[in-house]
Amino acid sequence: MVRTIDGTEALTADMTAWRRDLHAHPETAFEEERTSDFVAEKLASFGLEVHRGLAKTGVVGLLRNGEGPAVAFRADMDALHIHEQTNLPHASHNPGRMHACGHDGHTAMLLGAARHLSAHPNFQGTIAFVFQPAEENEGGGRVMVEDGLFETFPVEQVYGMHNWPGLEVGKIALRPGPIMAAYDIFELTLTGKGTHAAMPHLGTDTILAGTQIVNAWQTIASRSVHPVDSAVVSVTQFHAGDTWNVLPATAVLRGTTRTFRKEVQDMVERRMGELAKAIAGGYGVEAELRYERRYPSTVNEAGATELARRAAAGVVGESGLDLDPMPSMGAEDFAFMLQQRPGCYVWVGAGPSDGGRNLHSPHYDFNDAVLPIGLSYWVRLAETVLPRAA
Ligand SMILES: [Zn+2]
Ligand SMILES: [Zn+2]
């Protein structure tokens, strides 16, 4: 039984209009100029103090109500490089760009919460409403932290959310500990001695060495990681050769790894290098591995998760909570904020994920039924993590 906060019909209508406006004008990493203006204008009109420029297009709205602790609520604002295929009236006006992850909805819900809490400040303290650019791939969350987010706005806790297709509307999922994985990328360059394909004995075969390495890397998850722990090593590119009858002198493999724990992440990187070097060496090929850490794993702190659970139960009821969701091997740059401050990241149910309704599908559209639920969660969270107004 969902209990949204009272009197939200008008606000929900406004959030729906904002969401569709943002959806029609998607902007990608660090180029969220229109979106940033849109957010800043709205926050100012609600009477918040607006700060701009963190991570280029980031916006922070401050809402103060007397003395008390400070917390941050965060939404992401960026779209993806996807060609939208929904044919909706509010479909993307920007070819090749699309809000296919629902960040339009996240932005609209946090704006709605800012407006509601500004009009009904049922808390004592300060809320920093953080609108972050470049969640997809480019780590806008990391850049905001590096640009001094927590020095400029010294909050004690930080909270985030994501709409979650595959989880019913009216449900909220959360858990203490890791909820999303660390995301790293790698590039392996193999250098050998190219030769005539009919005279392989005169060279060293980078393609053969590469295929053996791809196979060997699959043993990392099955033989080096503890059986109840998790890791994924996915080779997603294998580039070698230009013609039919030449064994190429170089081959390049690229891909991604996912892990939850730092120890496993370190071990995966080390084992990938060891296996590549040893196998390539056996074939007379040189191996050079470039391994780049992108996003750490998203880890919820226990105390903040308990507060988030209480706030969520106030909206979707105890029966609407999923307190033991399977963590996702996807990644989220909110992780960088959670490395700096205790906090919690929740998944808000967005309904079925089939028929193109999953995140990053060209047929995806944020489910507007989620708007009043996400709004209500933010409002209840403010009342839960901060002392009530006297
Ligand atoms: Zn996404
Ligand atoms: Zn997303």
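**Chat: a zinc pair and its surroundings**

Tutor: In this predicted model, the zinc ion (ligand 1) has an irregular site, with angles of 52 to 153° among its 4 donor atoms.

Student: Which protein atoms are the donors of the zinc ion (ligand 1)?

Tutor: They are Cys101 (SG), Glu136 (OE), Glu136 (OE) and His360 (NE2), and they lie 2.0 to 2.7 Å from the zinc ion (ligand 1). Along the sequence, these donor residues are spaced C-x34-E-x223-H.

Student: Where do Cys101 and Glu136 sit in the chain?

Tutor: Cys101 is in the loop between β3 and α3, while Glu136 is in the loop between β4 (125–132) and α4 (140–146). They are 35 residues apart, and the pair links distant parts of the chain.

Student: Are those two buried or exposed?

Tutor: Both Cys101 and Glu136 are buried.

Student: OK, on to the other metal. What are the protein donors of the zinc ion (ligand 2)?

Tutor: Cys101 (SG), His103 (NE2) and His162 (NE2), at 2.1 to 2.3 Å from the zinc ion (ligand 2). Their spacing along the chain is C-x1-H-x58-H.

Student: Cys101 again! How far apart are the zinc ion (ligand 1) and the zinc ion (ligand 2)?

Tutor: The zinc ion (ligand 1) and the zinc ion (ligand 2) are 3.2 Å apart, with Cys101 coordinating both. As for covering, Cys101 is buried, and His103 is too.

Student: Let's look at helix α3. How many residues does α3 have, and how far does it reach?

Tutor: Helix α3 covers residues 103–119, which is 17 residues, and reaches 24 Å from its first C-alpha to its last. That is close to the 24 Å expected at 1.5 Å a residue.

Student: And how many residues of α3 are buried?

Tutor: 14 of its 17, so α3 is mostly covered.

Student: Changing topic: how many aromatic pairs does a search of the whole structure find?

Tutor: The search gives 10 aromatic pairs. One of them is Phe73 with Trp378, a stacked pair at 4.8 Å centre to centre, with 25° between the planes. Phe73 lies in strand β3 (residues 70–76) and Trp378 in helix α10 (residues 371–385), so the pair ties together parts that are 305 residues apart in sequence.

Student: Why does Phe73 count as buried?

Tutor: Because its relative accessibility is 0%, and the cut-off for buried is under 20% relative accessible area. Trp378 is buried as well, with a relative accessible area of 1%.

Student: Why is the pair of Tyr295 and Phe336 called edge-to-face?

Tutor: The ring centres of Tyr295 and Phe336 are 5.9 Å apart and the planes are at 80°, so the pair is edge-to-face; that class needs planes over 60 degrees apart. Tyr295 is in strand β13 (residues 286–295) and Phe336 in helix α9 (residues 334–340), 41 residues apart, and this pair links distant parts of the chain. Tyr295 is buried, as is Phe336.

Student: What sits over the ring of Phe38?

Tutor: The charged end of Lys42, 4.5 Å from the centre of the Phe38 ring.

Student: Last one: what feature does UniProt place at residues 186–280?

Tutor: The record, an unreviewed UniProt entry, has "domain: Peptidase M20 dimerisation" there. In the model, residues 186–280 are 40% helix and 32% strand, and the end C-alpha atoms of that span lie 17 Å apart.

Conventions. Residues are numbered from 1 along each chain as its sequence is written. Chains are lettered from A and ligands numbered from 1 in the order in which they are written. This is a predicted model: local features need pLDDT of at least 70, side-chain atom pairs count only at pLDDT 80 or more; totals for chains, interfaces and linings use all residues. Side-chain values use heavy atoms; hydrogens and water are left out. Helices (H or I, at least four residues) and strands (E, at least two) are DSSP runs, numbered from the N terminus. The expected span of a helix is 1.5 Å times one less than its number of residues. Buried means under 20% relative accessible area, exposed over 50%, partly exposed in between (1.4 Å probe, protein chains only). Donors are N, O and S atoms within 2.8 Å of the metal (3.2 Å for Na, K and Ca); water is not among the atoms, so sites may look incomplete. Rings of Phe, Tyr and Trp (its six-membered ring) pair if their centres lie within 6.5 Å; planes under 30 degrees apart count as stacked, over 60 as edge-to-face and the rest as tilted. A charge sits over a ring if NZ of Lys or CZ of Arg is within 6 Å of the ring centre and within 35 degrees of the ring normal. UniProt positions are given in the numbering used here, feature names are shortened, and annotations may be inferred rather than shown by experiment. Four donors count as tetrahedral if all angles lie between 85 and 135 degrees; four count as square planar and six as octahedral if opposite donors are over 155 degrees apart and all others between 65 and 115; anything else is irregular.
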